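Here is a short briefing for a first look at this structure. Keep the sequence and the 3D view at hand while reading.

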Amino acid sequence: MAEIVVIGAGLSGTLMAYELVPQLRKGDRLTLIGEGSVFHFVPSNPWVAVGWRQRPEIEVDLAKIMKRKDIRFITIGAKRLHPEENRVEIEDGSSIPYDYLVIATGPDLAFDEIPGLGPNGHTQSICHVEHASKAHAAFEAFCAQPGPVVVGATQGASCFGPAYEFAFILDTELKKRGLRDRVPMTFVTPEPYIGHLGLDGVGDTKSLMESELRERHIKWVTNARVKTIGSGTVEIEEVGEDGAVRESRTLPFGYAMLLPAFRGVSAVRGIEKLANPRGFILVDKQQRNPTFPNVFAVGVCVAIPPIGPTPVPVGVPKTGFMIESMVTATAHNIGALLAGRTPNRHPTLNAVCLADFGNGGVAFVAQPQIPPRNVNWSAKGAWVHLAKVAFEKYFLRKVKRGESAPFYERFLMDKLNIRKLKESA
Ligand SMILES: Cc1cc2nc3c(=O)[nH]c(=O)nc-3n(C[C@H](O)[C@H](O)[C@H](O)COP(=O)(O)OP(=O)(O)OC[C@H]3O[C@@H](n4cnc5c(N)ncnc54)[C@H](O)[C@@H]3O)c2cc1C
């Protein structure tokens with residue numbers, strides 16, 4: 001009998017638990033450790049922030065589902081991982097031993113790295129549903145007294161799609177309310193050019209995103225480093241190609257949302273040879289840590305090096321489909337180990353993404369994510385918004401049903417030639 005433990009019951013950890021179930025032998029036990037029992041669908045957070053979704057619409061209580069699937073569900077959170085001792089210390093001081101562990105703890109949000117950043121400072125966030133609810137209350141107050149808006153991401157951020165989405169969604173909602181003419185908007189980003197997305201662009205994202213910003217009268221600043229945020233002002237430095245500061249500016253705002261840099265969570269940060277200096281988990285091609293080979297990692301917590309040097313640091317995004325490919329590879333690899341075989345599955349790490357603008361959007365496929373690519377495609381259109389709404393409903397249904405990838409999803413992706421797995425010889 002083996003003990004298999006997954007830490008983190010978010011997007012990757014929940015699917016991880018579902019995909020591990022069919023891999024278990026009789027007598028093996030699967031434990032999922034979360035922080036609370038409620039799952040929320042992170043990609044819908046921007047909609048919560050403008051009031052297009054209510055929080056309960058994007059939340060699922062996992063307790064009953066996990067029970068139905070015979071997955072032990074611990075909801076008090078992991079305090080510290082002890083990989084030399086094969087145990088996870090949980091918040092009440094007790095320990096959960098494991099034979100195989102999957103870390104799926106997502107990001108720790110590094111608001112503290114910039115004075116005044118984040119929901120405890122002066123800017124809003126959409127990274128967590130709680131932040132998005134707070135951002136919505138602030139948005140309603142802002143609409144009563146409109147002023148300038150600043151949206152974007154800070155240096156070291158790796159998740160740019162939601163920043164663009166939020167700028168466009170705000171623009172759409174402000175137009176609906178007849179307030180857009182009273183709201184100058186600025187998009188601030190460390191990316192070297194608009195549409196870089198941490199991926200050196202995908203297809204024509206540079207032109208698509210630039211023209212979308214232009215059409216919506218949103219000004220932008222690239223190569224931007226945020227220095228400090230006060231009540232109603234963002235201090236930024238615009239950096240040149242050589243990394244030297246070209247201009248310092250103060251941007252006033254009545255409402256601001258800036259995505260922070262991510263780092264690994266405190267339960268794993270600082271564990272030598274498990275995590276890199278930012279606390280992201282080091283993994284090989286099979287999602288296994290080279291020093292602790294019974295430890296795997298999936299999702300945003302995984303260390304992926306930047307795509308290349310940029311004047312201001314820019315991370316690589318870990319998008320949903322890429323994460324699902326990590327999950328599927330890990331499930332097969334743990335299944336192989338349980339069956340006494342050599343694990344040999346690699347995730348494809350393809351980036352497939354829908355960025356919604358409220359009344360349209362941009363879709364892209366980067367296959368593989370690092371250029372040069374076999375597929376490097378992007379397109380915009382009203383269909384993207386509809387596709388994103390459909391995807392939300394579909395994904396939440398999967399979580400509620402306890403399924404990771406139903407047969408029709410696998411069939412469709414196969415037809416599109418978008419695969420999750422590679423196999424080594
Ligand atoms: C606003 C936003 C919008 C996004 N939109 C899209 C999109 O449209 N399409 C797309 O492809 N990607 C999108 N992404 C990127 C990515 O798909 C999501 O970030 C996704 O949620 C990442 O999954 P994850 O499991 O790695 O992290 P999360 O979903 O954040 O899950 C991590 C979980 O681990 C838990 N946890 C942390 N520490 C502990 C601990 N010590 N003990 C127990 N549990 C712990 C957390 O509570 C959380 O539930 C978006 C990201 C953001 C921030």
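Buried means under 20% relative accessible area, exposed means over 50%, and partly exposed lies in between (1.4 Å probe, protein chains only). This is a predicted model, where local features need pLDDT of at least 70, side-chain atom pairs count only at pLDDT 80 or more, and totals for chains, interfaces and linings use all residues. Residues are numbered from 1 along each chain as its sequence is written, and side-chain values use heavy atoms, with hydrogens and water left out.

**A buried strand residue**

- Thr186 is buried, at a relative accessible area of 17%.
- Thr186 sits in strand β12, residues 185-188. Helices (H or I, at least four residues) and strands (E, at least two) are DSSP runs, numbered from the N terminus.
- Contact means heavy atoms within 4.5 Å. Leaving aside residues up to four places away in sequence, Thr186 touches Val149, Val150, Val151, Ile218, Lys219, Val221 and Leu251.

**Helices α1 and α7**

- Helix α1 spans residues 11-20, and helix α7 spans residues 320-338. They pack at an angle of about 35°, with axes 9 Å apart.
- Axes are lines fitted to C-alpha atoms, for helices over the stretch in contact, and angles run from 0 to 180 degrees between N-to-C directions.
- From α1, the contact involves Leu11, Ser12, Leu15, Met16, Glu19 and Leu20. They meet Ile323, Glu324, Val327, Thr328, Thr330, Ala331 and Ile334 in α7.
- The residues of this contact divide into 8 nonpolar, 3 polar and 2 charged. Ala, Val, Leu, Ile, Met, Phe, Trp, Tyr, Cys and Pro count as nonpolar, Asp, Glu, Lys and Arg as charged, and the others, Gly among them, as polar.
- Helix α1 is mostly covered, with 10 of its 10 residues buried. Among them are Gly13, Thr14, Ala17 and Tyr18.

**Salt bridges**

- The structure holds 29 salt bridges. A salt bridge is a side-chain nitrogen of Lys or Arg within 4 Å of a carboxyl oxygen of Asp or Glu.
- Glu3 pairs with Arg29, and their closest N and O atoms are 2.9 Å apart. This pair links distant parts of the chain, 26 residues apart: Glu3 is in strand β1 (residues 3-7) and Arg29 in strand β2 (residues 29-33).
- Glu3 is buried at 13% relative accessibility, whereas Arg29 is partly exposed at 34%.
- Glu85 and Arg87 form a salt bridge at 2.7 Å, N to O. Glu85 is partly exposed at 47%, and Arg87 is partly exposed at 23%.
- Arg177 and Glu173 form a salt bridge at 2.8 Å, N to O. Arg177 is partly exposed at 30%, while Glu173 is buried at 8%.
- A network of salt bridges links Asp108, Asp112, Glu113, Arg263, Arg269 and Arg278.

**Cysteines**

- A search of the whole structure finds 0 disulfides. A disulfide is a pair of cysteine sulfur atoms within 2.5 Å.
- Cys301 is in no disulfide, and its nearest cysteine sulfur, that of Cys159, is 14 Å away. Cys301 is buried, at 2% relative accessibility.
- Cys353 counts as partly exposed, at 21% relative accessibility.
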